[in-house]
Amino acid sequence: MSWLLPVPVVVPLLAAALNTALDHVSPKWLHSVITLGGIGTAFGFSIAILVESMSSEPLHWFGGWEPRSGVSIGIAFAVDPIAGGAAVMVCALTLAALVYSLTFIDSEKRSYDVLMATVCAAVCGFVFSADLFNIFVWLELVGVAGYALTGFDIQRVRALHGALNFAIVNTVGGYFVLLGIALLYARTGALNLAQIGRTLSGEPATAAVIVAMTLITVGFLCKAAVVPFHFWLPDAYAVAPAPVCLLLAGILTDAGLFGVARVWFTVFDAPFGGEQRLVGDTFLWIGLVTALVGGAMALAQRNLKRVLAYSVVCHIGIIFAGVGMLSTMGLAGAALTVVAHGFVTGGLFLLAGILVVRPRVPWLAPVWLIGAVALVGPPYVGSYIGHSLIDDAAVELHRHWPQPLLWLAGTLAGAALIREGIRAFVRDEHDDDELEEHRDANVPLLATVATVLVVLGCATSLVPGLVQRAAAGADRFRDRAGYADRVLHGEPMKTTPHLPVTLHHSTTTTIAYAIGSLVLAVGIGVGGRRRLRILQPAAAALRAVHAGAVGDYVMWIVVGTAVIGGAWAIALR
Amino acid sequence: MSVLPYLVAAWICVVGLYGVVTSKHLVHLALCLTVTQSSTYVLLLAIGYVEGGGPPVFKGVKLGTTAVDPVVQALTLTDIVVSLTVLALILALALDVHKRAETMDPDEIAEIAS
């Protein structure tokens with residue numbers, strides 16, 4: 001079945017190439033047909049790959065360069081359930097974005113379709129790839145298409161500014177990843193993830209490996225918008241067109257965290273497996289700070305898309321904290337939070353986009369409020385299941401302090417969303433700088449796409465059997481030795497027992513946190529703006545730091561790298 | 001094994017980042033990104049270098065001749081292509097900003113955009 005694997009990557013790229021070739025000689029509807037056909041095919045094949053990956057590890061060596069006696073020099077695609085799920089998600093979100101854009105983006109430029117198809121192909125390549133340098137190339141391709149899409153509205157300085165900040169910060173991150181890859185190649189002579197991991201597992205770690213780990217992790221975290229590498233995100237999300245925000249929030253930013261987890265569990269787990277608690281705690285602390293900063297800044301915003309942007313930062317923090325548990329439950333919780341959060345936040349971004357073309361739509365207020373509540377995560381709605389698994393993972397590590405902080409952060413972001421949603425949908429107060437009422441868009445179509453996404457996101461917690469399959473997928477993701485056996489030796493997977501199809505049972509503490517968060521979020525959201533005198537200096541300082549100069553953002557990257565690198569260098573020697 | 005190429009790579013990276021942080025002109029900023037990128041080239045090529053090795057051409061050459069590592073050269077070429085695309089995009093965005101805002105200073109653009 002290995003021929004299946006390149007399809008979700010090749011077909012959208014072919015559609016993009018065909019669109020570029022036919023650029024001036026064919027009508028616009030043909031371009032939409034080609035792109036929708038390409039992404040639809042990719043979607044179908046990615047579902048087939050996901051189903052296949054549950055029972056075996058589909059493996060494709062490009063050019064037939066198979067490994068000989070456990071040594072590989074070719075480039076491979078190797079898919080496990082979490083990667084398969086990510087590919088399905090990106091294809092689904094791209095389809096939704098394209099359907100939405102049919103009537104929302106009325107520019108004559110074909111480049112929009114080309115860029116969307118490129119993003120879909122590149123994310124599929126990113127999650128499938130088993131070669132570290134190949135992952136870097138897909139990362140850069142995702143980046144370039146993302147920067148161009150963010151700055152698509154070139155008439156407005158704000159859009160260009162957001163795209164420039166996005167581009168410069170992520171490019172610096174990409175260079176850090178490349179420096180780390182170079183150091184790993186110097187140490188091991190291999191670029192295949194499984195091969196590097198196997199080579200590093202023999203001996204104790206050297207300083208070069210610690211530096212490589214710092215650089216690669218920081219590079220991916222720049223893409224993932226984790227504090228202090230997150231400053232580009234609000235600038236970019238506030239100005240990108242709504243369907244582009246759907247893709248960015250839904251899967252592109254989470255891809256950075258996928259990269260960190262993938263490289264840790266296949267490569268760095270080998271030399272540092274003994275100190276994994278230290279590395280995991282670094283991730284956990286960074287995730288907590290990110291979640292709280294995101295939640296706090298969300299409350300300080302008035303622009304709907306900026307509130308959503310900071311809510312994304314908050315949830316990235318929660319997901320990263322889940323990854324930082326470095327356990328099956330933590331990874332499964334992070335994956336399910338990505339799914340629920342991606343669909344719901346994507347739907348909310350699409351709703352915010354509708355406000356640009358039709359400012360008075362009070363009948364969409366219930367959809368927005370349901371989405372905002374789903375992000376807070378009351379029992380069995382939306383991101384509840386992900387948060388519940390992360391809580392279970394924390395309890396497994398005998399920790400009880402991350403849970404209330406993560407729930408609090410989610411509450412703050414949810415409260416901000418509820419408050420601004422009431423302002424925008426119910427009371428019809430808008431910042432007028434984005435209104436373009438003259439555009440004749442098919443609002444029922446836009447509303448349908450947005451509602452479908454929000455409902456799908458809310459339903460994530462209610463799918464029976466999803467938790468068990470996510471946990472099985474997370475187990476395979478973490479299994480470094482098994483991954484190396486399957487990729488380098490082609491060994492078949494051990495047969496897994498049949499997984500039950502039941503709803504997950506969460507602990508009473510989690511249910512209590514969830515209900516408490518819902519009450520608090522609704523209370524703050526409906527209560528409106530109150531200025532707490534004591535918090536003013538901190539709020540002003542936080543807001544000043546997030547002011548838009550890109551030189552400051554890069555300075556934060558350097559400082560963050562130095563702090564993380566210094567801490568790891570001292571503690572991991 | 002000489003440490004000099006690695007020190008040079010580290011210095012170029014830091015100098016490039018310093019340029020990005022203190023830049024007052026978007027084109028200067030884009031070129032400082034190119035400087036940072038050059039540090040990755042120096043590092044990759046230094047890693048692949050073999051003392052006394054010839055170019056990695058193996059046709060018609062005696063078995064056992066030392067040659068430098070061709071893989072890092074391929075990585076460098078890929079890196080050049082990828083970064084060229086990003087640089088072109090950043091310069092195009094900078095030109096558009098100049099058309100709309102009449103300035104190329106990142107701080108002033110941040111002021112206008114907020």
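Student: Let's start with helix 16 of chain A: how many residues does it have, and how far does it reach from its first C-alpha to its last?
Tutor: Keep in mind that this is a predicted model. Helix 16 of chain A runs over residues 402-426, which makes 25 residues, and it reaches 35 Å from first C-alpha to last. That is close to the 36 Å expected at 1.5 Å a residue.
Student: Is helix 16 of chain A mostly covered or mostly open?
Tutor: Mostly covered: 21 of the 25 residues in helix 16 of chain A are buried.
Student: And what comes just after helix 16 of chain A?
Tutor: Asp428(A) sits just after that helix, and it takes a positive phi of about 55°. Most residues other than glycine have a negative phi.
Student: Is Leu326(A) buried or exposed?
Tutor: Leu326(A) counts as buried because its relative accessible area is 3%, under the 20% cut-off.
Student: Changing topic: what kind of peptide bond joins Val227(A) and Pro228(A)?
Tutor: A cis one, with omega at about -5°. Pro228(A) has its place in the loop between helix 8 and helix 9 (232-239) of chain A. For background, most peptide bonds are trans.
Student: Let's do Thr266(A). Where does it lie?
Tutor: Thr266(A) lies in helix 10 of chain A, residues 242-272. Its relative accessible area is 2%, so it is buried. The side chain of Thr266(A) reaches the backbone oxygen of Arg262(A) at 2.7 Å.
Student: Which residues is Thr266(A) in contact with, leaving aside neighbours within four places in sequence?
Tutor: Thr266(A) is then in contact with Leu193(A), Gly197(A), Arg480(A) and Tyr483(A).
Student: Now the other chain. How many residues of chain B are in contact with chain A?
Tutor: 38 residues of chain B are in contact with 35 residues of chain A. The two chains bury about 3,200 Å² between them, and 85% of that is on carbon and sulfur atoms. Val21(B), Leu93(B) and Arg100(B) supply 17% of the area that chain B buries against chain A, more than any other three residues.
Student: How many salt bridges are there across that interface?
Tutor: The rule finds zero salt bridges between chain B and chain A. There are two residue pairs in polar contact, both at pLDDT 80 or more.
Student: Which helix of chain B gives the most to the side that touches chain A?
Tutor: Helix 3 of chain B does, with 17 residues. By class, that side of chain B has 26 nonpolar, seven polar and five charged residues.
Student: What caps the N-terminal end of helix 3 of chain B?
Tutor: Asp69(B) does: one of its side-chain oxygens lies 3.0 Å from the backbone nitrogen of Val71(B). Helix 3 itself covers residues 70-101 of chain B and reaches 46 Å, close to the 46 Å expected.
Student: And what follows helix 3 of chain B?
Tutor: Glu102(B) follows, and its phi is positive, near 60°. Glu102(B) counts as exposed because its relative accessibility is 61%, over the 50% cut-off.

Key:
Residues numbered from 1 in each chain as written. Chains lettered and ligands numbered in written order. Predicted model: local features only at pLDDT ≥ 70, side-chain atom pairs only at ≥ 80, totals over all residues. Heavy atoms only, no water. Helix = DSSP H or I, 4+ residues; strand = E, 2+ residues; numbered from the N terminus. Expected span 1.5 Å × (residues − 1). Polar contact = N/O pair within 3.5 Å; in protein donor to acceptor, adjacent residues only side chain to side chain. Contact = heavy atoms within 4.5 Å. Buried area = accessible area lost by both parts, 1.4 Å probe. Salt bridge = Lys/Arg side-chain N within 4 Å of Asp/Glu carboxyl O. Nonpolar A, V, L, I, M, F, W, Y, C, P; charged D, E, K, R; others polar. Buried < 20%, exposed > 50% of the residue type's maximum accessible area, 1.4 Å probe, protein only.
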